[in-house]
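The following exercises are to be worked through with the sequence and the structure at hand. Each task is followed by a solution in steps.

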Amino acid sequence: MMATTPTEMVLLILPGKLPMNKHLLSFLALLCAGLFASVAVQAKPARNPIIWADVPDLAIIRVGGTYYMSSTTMHMSPGLPIMKSKDLVNWQLISYAYDTLADNDALTLHNGRNAYGAGSWASSLRHHDETFYVSTFSRTTGKTHVYTTKDIETGPWTESSFAPALHDHSLFFEDGRVYMVYGAGDIRLTELTADASAIKPGGVDQVIIHNASLVAGPNVGLRAEGSHLRKINDKYYLFNITWPRNDMRTQIVHRADKITGPYEGKVVLKDQGVAQGGLIDTPEGDWYALLFQDHGAVGRIPFLVPVKWQDGWPVLGVDGKVPETLSIPAGEGSISGIVASDEFDRRPDQPALPLVWQWNHNPDNKYWSLTAHPGYLRLTTGRVDTDLLKARNTLTQRTFGPESSATTVIDVTNMKDGDLAGLTVLQKNYGLVGVQMVGNAKSIVMVSAKPGSPVEVQSVPLTQRIAFLKVDCDFKNRVDKAYFYYGLDGKNWTAIGKPLQMVYTLPHFMGYRFGLFNFATKTAGGFVDLDFFRVSDEITSE
(Lines give C-alpha, C1' and ligand atoms only; values in the text may rest on other atoms or scores of the structure.)
Protein backbone atom coordinates (compact mmCIF):
# COMPACT_ATOMS: atom_id res chain seq x y z
CA MET A 1 0.00 0.00 0.00
CA MET A 2 1.36 3.42 -0.96
CA ALA A 3 1.93 6.04 1.73
CA THR A 4 -0.73 8.73 2.03
CA THR A 5 0.12 12.32 2.90
CA PRO A 6 -2.00 14.26 5.41
CA THR A 7 -3.37 16.45 2.60
CA GLU A 8 -4.34 13.42 0.54
CA MET A 9 -5.98 11.90 3.59
CA VAL A 10 -8.08 15.06 4.02
CA LEU A 11 -9.29 14.69 0.45
CA LEU A 12 -10.04 11.02 1.01
CA ILE A 13 -12.14 11.53 4.10
CA LEU A 14 -14.10 14.59 2.95
CA PRO A 15 -17.58 13.66 1.65
CA GLY A 16 -18.52 14.45 -1.92
CA LYS A 17 -17.11 17.61 -3.52
CA LEU A 18 -17.23 19.86 -0.46
CA PRO A 19 -15.98 23.29 -1.57
CA MET A 20 -13.15 24.74 0.50
CA ASN A 21 -10.41 27.28 0.24
CA LYS A 22 -6.71 26.50 0.49
CA HIS A 23 -6.53 27.86 4.06
CA LEU A 24 -9.13 25.39 5.31
CA LEU A 25 -7.39 22.62 3.41
CA SER A 26 -4.04 23.52 4.99
CA PHE A 27 -5.61 23.65 8.46
CA LEU A 28 -7.17 20.22 8.07
CA ALA A 29 -3.92 18.83 6.67
CA LEU A 30 -2.04 20.11 9.69
CA LEU A 31 -4.72 18.64 11.95
CA CYS A 32 -4.35 15.24 10.32
CA ALA A 33 -0.57 15.51 10.51
CA GLY A 34 -0.90 16.10 14.24
CA LEU A 35 -3.21 13.14 14.59
CA PHE A 36 -0.79 10.96 12.63
CA ALA A 37 2.09 12.12 14.83
CA SER A 38 0.03 11.29 17.91
CA VAL A 39 -0.79 7.85 16.57
CA ALA A 40 2.87 7.29 15.69
CA VAL A 41 3.93 8.16 19.20
CA GLN A 42 1.28 5.92 20.71
CA ALA A 43 2.26 3.07 18.39
CA LYS A 44 5.93 3.14 19.39
CA PRO A 45 6.82 -0.48 20.06
CA ALA A 46 7.93 -1.74 23.44
CA ARG A 47 11.57 -2.74 23.75
CA ASN A 48 13.52 -5.27 25.75
CA PRO A 49 14.40 -5.20 28.54
CA ILE A 50 10.91 -4.21 29.63
CA ILE A 51 12.27 -3.10 33.01
CA TRP A 52 15.92 -2.04 33.17
CA ALA A 53 16.19 -2.61 36.90
CA ASP A 54 16.65 -5.44 39.39
CA VAL A 55 13.40 -7.46 39.23
CA PRO A 56 14.54 -11.12 39.27
CA ASP A 57 12.91 -14.51 39.84
CA LEU A 58 9.71 -13.52 38.10
CA ALA A 59 6.39 -15.24 38.69
CA ILE A 60 3.41 -14.08 36.64
CA ILE A 61 -0.34 -14.69 36.39
CA ARG A 62 -3.26 -13.10 34.56
CA VAL A 63 -6.64 -12.47 36.18
CA GLY A 64 -9.07 -11.21 33.53
CA GLY A 65 -7.29 -8.39 31.74
CA THR A 66 -4.78 -7.67 34.50
CA TYR A 67 -1.35 -9.22 34.92
CA TYR A 68 0.30 -9.66 38.30
CA MET A 69 3.95 -10.37 38.96
CA SER A 70 5.94 -11.24 42.07
CA SER A 71 9.70 -10.98 42.41
CA THR A 72 12.64 -11.35 44.80
CA THR A 73 14.13 -8.70 47.08
CA MET A 74 15.79 -11.08 49.59
CA HIS A 75 17.16 -9.10 52.55
CA MET A 76 14.96 -6.04 51.97
CA SER A 77 11.91 -5.08 54.05
CA PRO A 78 9.08 -4.96 53.25
CA GLY A 79 9.58 -7.91 50.94
CA LEU A 80 8.14 -10.11 48.24
CA PRO A 81 6.94 -7.27 45.98
CA ILE A 82 3.77 -7.57 43.91
CA MET A 83 3.36 -5.58 40.68
CA LYS A 84 0.55 -5.24 38.19
CA SER A 85 0.24 -4.34 34.53
CA LYS A 86 -2.42 -4.02 31.86
CA ASP A 87 -0.06 -4.56 28.93
CA LEU A 88 2.88 -6.73 30.10
CA VAL A 89 5.18 -3.76 29.57
CA ASN A 90 4.35 -1.03 32.09
CA TRP A 91 4.46 -2.32 35.66
CA GLN A 92 3.48 -0.71 38.94
CA LEU A 93 4.26 -1.78 42.49
CA ILE A 94 1.00 -2.43 44.34
CA SER A 95 1.86 -4.44 47.43
CA TYR A 96 4.29 -6.52 49.45
CA ALA A 97 3.39 -9.91 50.87
CA TYR A 98 5.17 -9.15 54.15
CA ASP A 99 6.54 -6.24 56.17
CA THR A 100 9.28 -8.40 57.68
CA LEU A 101 10.02 -12.03 56.92
CA ALA A 102 11.06 -12.88 60.49
CA ASP A 103 12.71 -11.34 63.53
CA ASN A 104 16.11 -12.94 64.02
CA ASP A 105 19.73 -11.82 64.30
CA ALA A 106 20.42 -12.15 60.56
CA LEU A 107 17.42 -10.07 59.48
CA THR A 108 17.98 -7.41 62.18
CA LEU A 109 21.76 -7.16 61.68
CA HIS A 110 22.53 -8.22 65.25
CA ASN A 111 25.44 -10.11 66.75
CA GLY A 112 27.50 -9.80 63.60
CA ARG A 113 24.98 -11.64 61.47
CA ASN A 114 23.24 -10.53 58.27
CA ALA A 115 20.92 -11.82 55.55
CA TYR A 116 22.73 -10.40 52.51
CA GLY A 117 21.98 -12.60 49.51
CA ALA A 118 19.54 -14.59 51.63
CA GLY A 119 16.22 -13.54 53.17
CA SER A 120 13.50 -14.81 50.83
CA TRP A 121 14.15 -16.15 47.35
CA ALA A 122 12.16 -17.04 44.23
CA SER A 123 8.39 -16.90 44.69
CA SER A 124 5.35 -18.53 43.12
CA LEU A 125 2.17 -16.54 42.43
CA ARG A 126 -1.28 -18.08 41.96
CA HIS A 127 -4.99 -17.15 41.90
CA HIS A 128 -7.30 -19.97 43.00
CA ASP A 129 -10.93 -19.93 44.21
CA GLU A 130 -10.94 -16.10 44.42
CA THR A 131 -7.85 -16.13 46.63
CA PHE A 132 -4.35 -14.95 45.73
CA TYR A 133 -1.44 -17.07 46.90
CA VAL A 134 2.20 -16.05 46.84
CA SER A 135 4.80 -18.36 48.31
CA THR A 136 8.53 -18.16 48.85
CA PHE A 137 11.27 -19.99 50.71
CA SER A 138 14.11 -18.87 52.93
CA ARG A 139 17.41 -20.33 54.02
CA THR A 140 17.45 -17.60 56.69
CA THR A 141 14.35 -19.04 58.39
CA GLY A 142 14.64 -22.63 57.14
CA LYS A 143 11.01 -22.51 56.03
CA THR A 144 8.61 -22.28 53.12
CA HIS A 145 6.30 -19.28 53.54
CA VAL A 146 2.81 -19.04 52.01
CA TYR A 147 0.88 -15.74 51.97
CA THR A 148 -2.80 -15.42 51.03
CA THR A 149 -5.23 -12.56 50.45
CA LYS A 150 -8.57 -11.87 48.80
CA ASP A 151 -7.38 -8.42 47.67
CA ILE A 152 -3.93 -8.44 46.11
CA GLU A 153 -3.68 -4.64 46.11
CA THR A 154 -4.85 -3.72 49.59
CA GLY A 155 -4.48 -6.97 51.53
CA PRO A 156 -4.27 -7.90 54.28
CA TRP A 157 -1.98 -10.86 53.71
CA THR A 158 -2.15 -13.92 55.98
CA GLU A 159 0.97 -16.02 56.47
CA SER A 160 1.52 -19.71 57.12
CA SER A 161 4.89 -21.42 57.07
CA PHE A 162 6.38 -24.86 57.35
CA ALA A 163 9.72 -26.61 57.20
CA PRO A 164 11.68 -27.38 55.16
CA ALA A 165 12.48 -24.59 52.70
CA LEU A 166 11.40 -25.98 49.31
CA HIS A 167 13.90 -24.60 46.80
CA ASP A 168 12.59 -22.60 43.80
CA HIS A 169 9.15 -24.12 44.10
CA SER A 170 6.07 -23.73 41.95
CA LEU A 171 2.67 -23.84 43.68
CA PHE A 172 0.02 -25.76 41.74
CA PHE A 173 -3.72 -26.37 42.29
CA GLU A 174 -5.71 -29.12 40.59
CA ASP A 175 -8.95 -30.99 41.35
CA GLY A 176 -8.99 -30.05 45.00
CA ARG A 177 -5.36 -31.02 45.54
CA VAL A 178 -2.37 -28.73 46.10
CA TYR A 179 1.24 -29.41 45.14
CA MET A 180 4.67 -27.83 45.07
CA VAL A 181 7.19 -28.70 42.38
CA TYR A 182 10.71 -27.82 43.53
CA GLY A 183 14.36 -28.76 43.67
CA ALA A 184 17.66 -28.48 41.82
CA GLY A 185 18.84 -31.17 39.44
CA ASP A 186 16.28 -33.76 40.53
CA ILE A 187 12.87 -32.06 40.42
CA ARG A 188 10.39 -33.24 43.07
CA LEU A 189 6.62 -33.10 43.51
CA THR A 190 5.25 -32.76 47.05
CA GLU A 191 1.60 -32.55 48.03
CA LEU A 192 0.36 -29.90 50.46
CA THR A 193 -2.75 -29.64 52.59
CA ALA A 194 -5.84 -28.15 50.97
CA ASP A 195 -5.08 -24.66 52.31
CA ALA A 196 -1.41 -24.87 51.22
CA SER A 197 -0.28 -24.25 54.80
CA ALA A 198 1.70 -27.46 55.36
CA ILE A 199 3.01 -30.62 53.73
CA LYS A 200 0.22 -33.21 53.58
CA PRO A 201 0.98 -36.29 55.69
CA GLY A 202 1.00 -39.32 53.42
CA GLY A 203 0.58 -37.19 50.30
CA VAL A 204 2.46 -37.44 47.02
CA ASP A 205 6.21 -36.98 47.53
CA GLN A 206 8.43 -38.15 44.68
CA VAL A 207 11.03 -37.21 42.11
CA ILE A 208 9.30 -36.51 38.81
CA ILE A 209 12.39 -35.64 36.72
CA HIS A 210 15.84 -37.06 37.43
CA ASN A 211 18.70 -34.72 36.50
CA ALA A 212 16.52 -32.31 34.53
CA SER A 213 19.63 -30.45 33.28
CA LEU A 214 20.58 -33.27 30.91
CA VAL A 215 18.29 -32.00 28.14
CA ALA A 216 20.82 -29.15 27.74
CA GLY A 217 23.71 -31.63 27.41
CA PRO A 218 25.96 -33.63 29.73
CA ASN A 219 28.20 -30.67 30.61
CA VAL A 220 26.10 -29.72 33.64
CA GLY A 221 27.14 -26.66 35.60
CA LEU A 222 24.25 -25.07 37.46
CA ARG A 223 21.71 -27.82 37.99
CA ALA A 224 18.17 -27.27 36.73
CA GLU A 225 16.13 -25.05 39.07
CA GLY A 226 13.61 -22.21 38.96
CA SER A 227 10.50 -24.37 38.48
CA HIS A 228 7.35 -22.89 36.92
CA LEU A 229 4.53 -25.36 36.24
CA ARG A 230 1.55 -24.69 33.97
CA LYS A 231 -1.19 -26.93 32.64
CA ILE A 232 -2.08 -26.01 29.07
CA ASN A 233 -4.42 -28.01 26.81
CA ASP A 234 -4.36 -31.01 29.17
CA LYS A 235 -0.56 -31.19 29.23
CA TYR A 236 1.78 -30.21 32.04
CA TYR A 237 4.64 -27.86 31.12
CA LEU A 238 7.48 -27.36 33.58
CA PHE A 239 9.91 -24.50 32.92
CA ASN A 240 13.39 -24.62 34.47
CA ILE A 241 16.76 -23.06 33.84
CA THR A 242 20.17 -24.66 33.73
CA TRP A 243 23.66 -23.32 33.06
CA PRO A 244 26.02 -25.69 31.26
CA ARG A 245 29.71 -25.18 32.08
CA ASN A 246 31.45 -22.48 29.99
CA ASP A 247 28.12 -21.57 28.41
CA MET A 248 25.12 -19.41 29.35
CA ARG A 249 21.92 -19.56 31.36
CA THR A 250 19.57 -21.72 29.29
CA GLN A 251 15.80 -22.13 29.39
CA ILE A 252 14.49 -25.69 29.29
CA VAL A 253 10.99 -27.16 29.40
CA HIS A 254 9.62 -30.60 30.20
CA ARG A 255 6.10 -31.79 29.38
CA ALA A 256 3.92 -34.69 30.46
CA ASP A 257 0.38 -36.01 30.26
CA LYS A 258 0.24 -36.52 34.04
CA ILE A 259 1.62 -34.31 36.79
CA THR A 260 3.67 -37.22 38.09
CA GLY A 261 5.18 -37.85 34.63
CA PRO A 262 6.86 -39.31 32.73
CA TYR A 263 8.29 -36.03 31.37
CA GLU A 264 10.14 -35.38 28.13
CA GLY A 265 12.24 -32.23 27.78
CA LYS A 266 14.05 -29.91 25.42
CA VAL A 267 15.92 -26.60 25.28
CA VAL A 268 13.56 -23.78 24.30
CA LEU A 269 15.83 -20.71 24.54
CA LYS A 270 19.56 -20.13 24.61
CA ASP A 271 20.27 -16.49 23.85
CA GLN A 272 21.99 -13.70 25.83
CA GLY A 273 21.51 -15.65 29.05
CA VAL A 274 17.82 -14.69 29.12
CA ALA A 275 16.14 -17.40 31.17
CA GLN A 276 14.08 -18.30 34.25
CA GLY A 277 10.42 -17.44 34.46
CA GLY A 278 7.14 -18.68 33.12
CA LEU A 279 4.55 -18.59 30.36
CA ILE A 280 1.67 -16.12 30.17
CA ASP A 281 -1.14 -15.70 27.67
CA THR A 282 -3.08 -12.56 26.76
CA PRO A 283 -6.88 -12.29 26.57
CA GLU A 284 -6.43 -12.23 22.78
CA GLY A 285 -4.66 -15.60 22.79
CA ASP A 286 -1.06 -14.46 22.29
CA TRP A 287 1.67 -16.12 24.37
CA TYR A 288 4.82 -14.79 25.98
CA ALA A 289 7.52 -15.89 28.39
CA LEU A 290 8.55 -13.44 31.09
CA LEU A 291 12.22 -14.16 31.85
CA PHE A 292 15.25 -12.25 33.13
CA GLN A 293 18.90 -11.65 32.31
CA ASP A 294 21.94 -11.13 34.55
CA HIS A 295 22.88 -7.61 33.47
CA GLY A 296 25.88 -6.60 35.51
CA ALA A 297 25.75 -4.11 38.36
CA VAL A 298 22.18 -2.95 37.76
CA GLY A 299 21.01 -6.48 38.58
CA ARG A 300 18.79 -9.08 36.98
CA ILE A 301 16.39 -7.45 34.56
CA PRO A 302 13.13 -8.69 32.92
CA PHE A 303 12.72 -9.54 29.25
CA LEU A 304 9.47 -10.36 27.48
CA VAL A 305 9.86 -13.09 24.86
CA PRO A 306 7.15 -13.94 22.29
CA VAL A 307 6.05 -17.59 22.19
CA LYS A 308 4.54 -19.66 19.41
CA TRP A 309 3.29 -23.24 19.70
CA GLN A 310 4.54 -26.02 17.45
CA ASP A 311 3.66 -29.70 17.82
CA GLY A 312 2.56 -29.07 21.38
CA TRP A 313 5.82 -27.36 22.40
CA PRO A 314 6.36 -23.68 23.19
CA VAL A 315 8.81 -22.06 20.77
CA LEU A 316 10.46 -19.04 22.35
CA GLY A 317 11.82 -15.98 20.57
CA VAL A 318 12.12 -15.01 16.94
CA ASP A 319 14.30 -17.52 15.11
CA GLY A 320 15.57 -18.60 18.51
CA LYS A 321 16.58 -15.07 19.52
CA VAL A 322 15.20 -12.61 22.05
CA PRO A 323 13.85 -9.68 20.02
CA GLU A 324 14.85 -6.10 20.82
CA THR A 325 11.40 -4.81 19.91
CA LEU A 326 7.99 -6.29 20.64
CA SER A 327 4.65 -6.14 18.85
CA ILE A 328 3.19 -4.39 21.89
CA PRO A 329 2.89 -0.60 22.21
CA ALA A 330 5.39 0.85 24.66
CA GLY A 331 2.73 3.00 26.31
CA GLU A 332 4.39 5.24 28.88
CA GLY A 333 7.51 3.12 28.67
CA SER A 334 8.50 4.38 32.11
CA ILE A 335 10.09 2.91 35.20
CA SER A 336 8.12 5.29 37.43
CA GLY A 337 5.94 2.43 38.67
CA ILE A 338 8.79 0.98 40.72
CA VAL A 339 11.05 3.97 41.46
CA ALA A 340 10.06 7.54 42.33
CA SER A 341 11.21 10.81 43.80
CA ASP A 342 10.03 11.69 47.30
CA GLU A 343 9.72 15.12 48.90
CA PHE A 344 8.87 13.48 52.26
CA ASP A 345 5.68 15.55 52.54
CA ARG A 346 2.80 13.44 53.82
CA ARG A 347 -0.91 13.99 54.26
CA PRO A 348 -2.52 12.24 57.25
CA ASP A 349 -4.23 9.73 54.93
CA GLN A 350 -1.00 8.71 53.18
CA PRO A 351 1.31 5.84 54.12
CA ALA A 352 4.53 6.88 55.80
CA LEU A 353 6.62 5.48 52.95
CA PRO A 354 5.55 4.82 49.34
CA LEU A 355 5.98 1.28 48.04
CA VAL A 356 9.09 2.22 46.05
CA TRP A 357 11.08 2.31 49.31
CA GLN A 358 12.59 -0.73 51.07
CA TRP A 359 14.81 -0.91 54.11
CA ASN A 360 18.11 -2.75 54.03
CA HIS A 361 17.15 -5.60 56.40
CA ASN A 362 14.45 -5.07 59.03
CA PRO A 363 14.19 -1.47 60.19
CA ASP A 364 14.27 -0.31 63.80
CA ASN A 365 11.20 1.91 63.70
CA LYS A 366 12.18 3.85 66.81
CA TYR A 367 14.95 5.58 64.91
CA TRP A 368 13.31 7.03 61.80
CA SER A 369 10.48 9.51 61.43
CA LEU A 370 8.59 11.68 58.97
CA THR A 371 6.76 13.57 61.73
CA ALA A 372 9.59 14.72 64.01
CA HIS A 373 10.41 17.37 61.39
CA PRO A 374 7.46 17.48 58.96
CA GLY A 375 8.53 17.46 55.34
CA TYR A 376 11.81 15.72 56.20
CA LEU A 377 13.01 12.18 56.73
CA ARG A 378 14.79 12.01 60.08
CA LEU A 379 17.32 9.22 60.58
CA THR A 380 18.63 8.82 64.13
CA THR A 381 21.47 6.53 65.13
CA GLY A 382 20.34 3.87 67.57
CA ARG A 383 23.60 2.05 68.15
CA VAL A 384 27.30 2.07 67.22
CA ASP A 385 28.46 0.30 64.04
CA THR A 386 31.77 0.10 62.22
CA ASP A 387 30.53 0.07 58.62
CA LEU A 388 27.56 1.00 56.46
CA LEU A 389 26.80 -2.66 55.67
CA LYS A 390 26.34 -3.38 59.38
CA ALA A 391 24.13 -0.33 60.07
CA ARG A 392 20.34 -0.49 60.32
CA ASN A 393 17.77 1.84 58.78
CA THR A 394 19.36 2.42 55.38
CA LEU A 395 16.41 3.33 53.15
CA THR A 396 16.76 2.15 49.55
CA GLN A 397 15.37 2.26 46.04
CA ARG A 398 16.55 0.48 42.90
CA THR A 399 19.06 2.03 40.56
CA PHE A 400 18.01 1.68 36.93
CA GLY A 401 19.34 1.86 33.40
CA PRO A 402 20.48 2.89 30.98
CA GLU A 403 21.43 5.69 33.36
CA SER A 404 20.03 7.06 36.59
CA SER A 405 20.78 9.77 39.09
CA ALA A 406 19.76 10.46 42.68
CA THR A 407 20.06 13.67 44.67
CA THR A 408 19.29 14.63 48.24
CA VAL A 409 19.91 17.49 50.65
CA ILE A 410 20.88 16.78 54.24
CA ASP A 411 20.74 18.92 57.38
CA VAL A 412 23.67 17.84 59.57
CA THR A 413 23.15 20.22 62.51
CA ASN A 414 22.53 17.42 65.01
CA MET A 415 25.24 14.95 64.11
CA LYS A 416 27.59 13.59 66.78
CA ASP A 417 31.30 12.86 66.75
CA GLY A 418 31.90 9.75 64.65
CA ASP A 419 28.65 9.93 62.68
CA LEU A 420 28.52 9.38 58.92
CA ALA A 421 25.36 10.14 56.91
CA GLY A 422 24.45 10.63 53.27
CA LEU A 423 23.74 8.95 49.94
CA THR A 424 25.08 5.59 48.78
CA VAL A 425 24.94 3.14 45.92
CA LEU A 426 24.61 -0.03 47.94
CA GLN A 427 26.08 -3.43 47.23
CA LYS A 428 28.99 -5.31 48.79
CA ASN A 429 31.43 -3.02 46.94
CA TYR A 430 29.50 0.16 47.71
CA GLY A 431 30.33 3.81 47.24
CA LEU A 432 28.98 6.82 49.10
CA VAL A 433 29.05 10.57 49.34
CA GLY A 434 28.14 11.92 52.75
CA VAL A 435 28.93 14.10 55.71
CA GLN A 436 31.26 12.87 58.42
CA MET A 437 31.75 14.44 61.83
CA VAL A 438 35.11 14.10 63.58
CA GLY A 439 35.30 15.93 66.90
CA ASN A 440 33.51 19.20 66.24
CA ALA A 441 34.44 19.38 62.56
CA LYS A 442 32.31 18.22 59.65
CA SER A 443 33.46 17.31 56.18
CA ILE A 444 31.99 15.99 52.95
CA VAL A 445 33.56 12.64 52.12
CA MET A 446 33.54 10.13 49.32
CA VAL A 447 34.09 6.54 50.48
CA SER A 448 34.67 3.49 48.28
CA ALA A 449 34.38 -0.11 49.41
CA LYS A 450 35.62 -1.40 46.05
CA PRO A 451 38.92 -2.62 47.56
CA GLY A 452 36.88 -4.95 49.79
CA SER A 453 36.68 -2.63 52.78
CA PRO A 454 35.68 1.05 53.02
CA VAL A 455 38.37 3.61 52.14
CA GLU A 456 37.96 7.38 52.38
CA VAL A 457 38.98 8.64 48.95
CA GLN A 458 38.51 12.40 49.46
CA SER A 459 37.41 14.79 52.20
CA VAL A 460 36.31 18.41 51.87
CA PRO A 461 35.63 20.66 54.92
CA LEU A 462 31.97 21.62 55.47
CA THR A 463 31.21 24.83 57.36
CA GLN A 464 27.44 25.10 56.79
CA ARG A 465 24.57 23.09 58.18
CA ILE A 466 23.30 21.65 54.89
CA ALA A 467 24.91 19.80 52.00
CA PHE A 468 23.56 18.66 48.64
CA LEU A 469 24.62 15.18 47.53
CA LYS A 470 24.33 13.42 44.17
CA VAL A 471 25.22 10.06 42.64
CA ASP A 472 25.08 9.33 38.91
CA CYS A 473 25.00 5.76 37.59
CA ASP A 474 25.94 4.82 34.03
CA PHE A 475 24.79 1.33 33.05
CA LYS A 476 25.00 1.83 29.27
CA ASN A 477 26.80 -1.03 27.54
CA ARG A 478 27.54 -2.41 31.03
CA VAL A 479 29.93 0.42 31.81
CA ASP A 480 28.62 0.17 35.40
CA LYS A 481 30.22 3.37 36.74
CA ALA A 482 29.00 5.55 39.61
CA TYR A 483 30.04 9.21 39.98
CA PHE A 484 29.78 11.24 43.17
CA TYR A 485 29.09 14.95 43.65
CA TYR A 486 28.36 17.50 46.34
CA GLY A 487 26.94 21.01 46.30
CA LEU A 488 26.47 23.87 48.72
CA ASP A 489 23.68 25.81 47.01
CA GLY A 490 21.56 23.23 45.13
CA LYS A 491 22.66 24.62 41.77
CA ASN A 492 26.34 23.91 41.31
CA TRP A 493 27.90 20.47 41.64
CA THR A 494 31.49 19.49 42.35
CA ALA A 495 32.85 16.00 41.72
CA ILE A 496 34.37 14.29 44.73
CA GLY A 497 36.51 11.21 45.10
CA LYS A 498 36.70 8.94 42.08
CA PRO A 499 34.24 6.94 40.00
CA LEU A 500 33.20 3.60 41.46
CA GLN A 501 33.45 0.56 39.25
CA MET A 502 30.23 -1.14 40.33
CA VAL A 503 30.32 -4.94 40.41
CA TYR A 504 27.47 -7.37 40.95
CA THR A 505 28.56 -9.74 43.71
CA LEU A 506 26.99 -13.02 44.79
CA PRO A 507 27.36 -12.33 48.53
CA HIS A 508 24.67 -9.65 48.08
CA PHE A 509 22.99 -11.21 45.01
CA MET A 510 21.26 -7.92 44.20
CA GLY A 511 21.65 -4.97 41.84
CA TYR A 512 22.98 -1.71 43.23
CA ARG A 513 20.51 0.41 45.16
CA PHE A 514 20.39 4.08 45.99
CA GLY A 515 20.34 4.42 49.77
CA LEU A 516 19.89 7.11 52.41
CA PHE A 517 21.78 6.33 55.62
CA ASN A 518 23.04 7.58 58.98
CA PHE A 519 25.16 5.54 61.36
CA ALA A 520 27.32 6.18 64.41
CA THR A 521 30.84 4.87 64.98
CA LYS A 522 31.30 6.34 68.48
CA THR A 523 28.10 7.49 70.21
CA ALA A 524 24.45 6.80 69.37
CA GLY A 525 21.75 9.47 69.37
CA GLY A 526 22.76 11.89 66.62
CA PHE A 527 20.35 12.56 63.79
CA VAL A 528 20.09 14.10 60.33
CA ASP A 529 17.13 15.47 58.40
CA LEU A 530 16.79 14.76 54.68
CA ASP A 531 14.65 17.24 52.77
CA PHE A 532 14.03 15.23 49.61
CA PHE A 533 15.13 12.33 47.43
CA ARG A 534 14.93 12.94 43.66
CA VAL A 535 15.67 10.50 40.87
CA SER A 536 16.28 11.20 37.21
CA ASP A 537 16.89 9.07 34.13
CA GLU A 538 19.64 11.43 32.96
CA ILE A 539 23.13 11.98 34.30
CA THR A 540 25.59 14.83 33.93
CA SER A 541 28.80 12.86 34.48
CA GLU A 542 31.10 11.93 31.65
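A charge is said to sit over a ring if NZ of Lys or CZ of Arg is within 6 Å of the ring centre and within 35 degrees of the ring normal. This definition is needed for the first exercise, and the model to which it is applied is a predicted one.

**Exercise 1. Charges over rings**

Determine over which ring the charged end of Arg534 sits, and do likewise for Lys470.

Solution. 
- Step 1. The charged end of Arg534 is placed over the ring of Phe532, at 3.6 Å from the ring centre.

**Exercise 2. The protein as a whole**

Describe the secondary structure, the extent and the burial of the protein.

Solution. 
- Step 1. The secondary structure consists of two helices and 38 strands.
- Step 2. Along the principal axes, the C-alpha atoms occupy a box of roughly 85 × 75 × 50 Å.
- Step 3. A compact globule of 542 residues would have a radius of gyration near 24 Å; the value for this protein is 26 Å, which agrees.
- Step 4. Buried residues make up 55% of the 542.
- Step 5. Among contacts with a separation of 6 or more, 58% are between residues 24 or more positions apart.

**Exercise 3. Ser71 in its surroundings**

Is Ser71 buried or exposed, and what does its side chain reach?

Solution. 
- Step 1. Ser71 belongs to the loop between β3 (66-70) and β4 (76-77).
- Step 2. Its relative accessible area is 2%, so Ser71 is buried.
- Step 3. The side chain of Ser71 reaches the backbone oxygen of Pro56 at 2.6 Å.
- Step 4. Leaving aside residues up to four places away in sequence, Ser71 touches Val55, Pro56, Asp57, Leu80, Pro81 and Ser123.

**Exercise 4. Aromatic pairs**

Classify the pair Tyr504 and Phe509 and the pair Phe517 and Phe519.

Solution. 
- Step 1. A pair of aromatic rings is described by the distance of the centres and the angle of the planes.
- Step 2. The whole structure contains 14 aromatic pairs. One of them joins Tyr504 and Phe509, with 6.5 Å centre to centre and 80 degrees between the planes; this pair is edge-to-face.
- Step 3. Phe509 is partly exposed, since its relative accessibility is 22%.
- Step 4. In the pair of Phe517 and Phe519, the centres are 6.2 Å apart and the planes are at 35 degrees, so the pair is tilted. Phe517 and Phe519 are both buried.
- Step 5. Tyr504 and Phe509 also belong to one aromatic cluster with Trp121 and Phe137.

**Exercise 5. Backbone geometry**

State which residues are joined by cis peptide bonds with omega of about 0 degrees and about 5 degrees, and compare the accessibility of Glu130 and Asn393.

Solution. 
- Step 1. Gly155 and Pro156 are joined by a cis peptide bond with omega of about 0 degrees. Pro156 lies in the loop between β9 (143-149) and β10 (158-162).
- Step 2. A cis peptide bond with omega of about 5 degrees joins Ala163 and Pro164, and Pro164 is in the loop between β10 and β11.
- Step 3. Glu130 has a positive phi near 65 degrees and is found in the loop between β7 (124-128) and β8 (131-138). With a relative accessible area of 63%, Glu130 is exposed.
- Step 4. Asn393, which is not a glycine, has a positive phi of about 65 degrees. Its place is the loop between β26 (377-380) and β27 (395-398). At 6% relative accessibility, Asn393 is buried.

Conventions. Residues are numbered from 1 along each chain as its sequence is written. This is a predicted model: local features need pLDDT of at least 70, side-chain atom pairs count only at pLDDT 80 or more; totals for chains, interfaces and linings use all residues. Side-chain values use heavy atoms; hydrogens and water are left out. Helices (H or I, at least four residues) and strands (E, at least two) are DSSP runs, numbered from the N terminus. Buried means under 20% relative accessible area, exposed over 50%, partly exposed in between (1.4 Å probe, protein chains only). A polar contact is a pair of N or O atoms within 3.5 Å; within protein, one must be able to donate a hydrogen and the other to accept it, and residues adjacent in sequence count only if both atoms are side-chain atoms. Contact means heavy atoms within 4.5 Å. Rings of Phe, Tyr and Trp (its six-membered ring) pair if their centres lie within 6.5 Å; planes under 30 degrees apart count as stacked, over 60 as edge-to-face and the rest as tilted. The radius of gyration is taken over C-alpha atoms; the globule rule is 2.2 Å times the number of residues to the power 0.38.
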